[in-house]
Amino acid sequence: MNERRITYREALREGLLEALRTDERVLLIGEDVGRYGGTYAVSKGFFDMFGADRIRDAPLSESGFVGAGIGAAIGGLRPIVEIMTVNFSLLALDQIVNNAATLLHMSGGQYNVPVVIRMTTGAGRQLAAQHSHSLEGWFAHIPGLRIVTPATLEDARGMLWTALDDPDPVLIFEHAMLLNREDAIDDEVGAVDLDHAVIRRPGRDVSLITYGGMLFKCLDAADILFNEGIDAEVLDLRSLRPLDESAIIASVRRTGRAVIVDEGWRSGSLAGEISARLMEQAFYDLACPVARVCTAEIPIPYPTHLEQAALPQIDDIVAACLEMFHDQ
């Protein structure tokens, strides 16, 4: 095993670079992905390496360039479309929901749409409401789309490879607060599984069910809980559609308690969907009601102290778990 330390940003870059080098059908489309090198410098230098035919700068028109990506996919290419931030994906909602997700079904199975759409999600950088929301739960509502949320370096690099092999549209949500996170990665790690959740920390007393940017807060919370005598299991969902329902149910059946940590808003959230499935399939395995830790139901504020107050924090996760045991 040959390990080295890189950032999440570098892992994303390596995945893109590998895809462009190994398959001439792969091209990157988005705002500032070319000469500027990407809003988050993920594609820096790619324009000089691969040229304007494969690294395509797009105008400020999300509907236009997402639509171009869908058309290119139908035409036999493997486009990767980069949307600067999840809030801007709403400008391309018609293309994503009415075209990418439906064309296979509308054409009677004649046209797959193998497009990969990447976008940053999440808050924590004081960019205010129009650049900071977590809308991946909305997209996970849509049949015809696969929704994945890489949290680790291995997933940041490897999910793209797997997504490009999928004949149908895949949306990858990359949390902005993970971009500078550094960790060790094995050089031999390649494409990763998109279908299954992963237990990042085994435990016996409570299941912390989460994904993306919340994963590391859950792991930190689990360490604090361990010192309180509570052994928390941390389940990284990785795929929000389809959900790995078996892994969720199996974890909760082992621990008897569930806290769902979701950076989305609580009303109509993915956390609510997971909670409902637990009620349907694991009700009699639960020692107490399911708990949810979600973002406050407001547009994300600009001031740092209000932004942090709105987001799920480690203390909130710990408190939700402790309450379960104090009430026993």
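First the cut-off I used: buried means under 20% relative accessible area, exposed over 50%, and partly exposed in between (1.4 Å probe, protein chains only). I'm working on a predicted model, where local features need pLDDT of at least 70, side-chain atom pairs count only at pLDDT 80 or more, and totals for chains, interfaces and linings use all residues. Residues are numbered from 1 along each chain as its sequence is written, and side-chain values use heavy atoms, with hydrogens and water left out.

**Salt bridges.** I counted a side-chain nitrogen of Lys or Arg within 4 Å of a carboxyl oxygen of Asp or Glu. The structure holds 20 of them. I looked up Arg-238 and Asp-155: their closest N and O atoms are 2.8 Å apart. Arg-238 sits in the loop between β11 (232-236) and β12 (239-241) and Asp-155 in helix α7 (residues 153-165), so the pair ties together parts 83 residues apart in sequence. Helices (H or I, at least four residues) and strands (E, at least two) are DSSP runs, numbered from the N terminus. Both Arg-238 and Asp-155 are buried.

Next I checked Glu-82 and Arg-118, whose salt bridge has its closest N and O atoms 2.8 Å apart. Glu-82 is buried at 7% relative accessible area, and Arg-118 is buried at 4%.

**Strand β2.** Which residues cover its two sides? I found Val-26, Leu-28 and Gly-30 on one side and Leu-27 and Ile-29 on the other, all buried. β2 pairs with β4 (residues 78-83) in the parallel sense over five bridges; pairing takes at least two DSSP bridges between the strands. Gly-30 stands opposite Glu-82 in β4.
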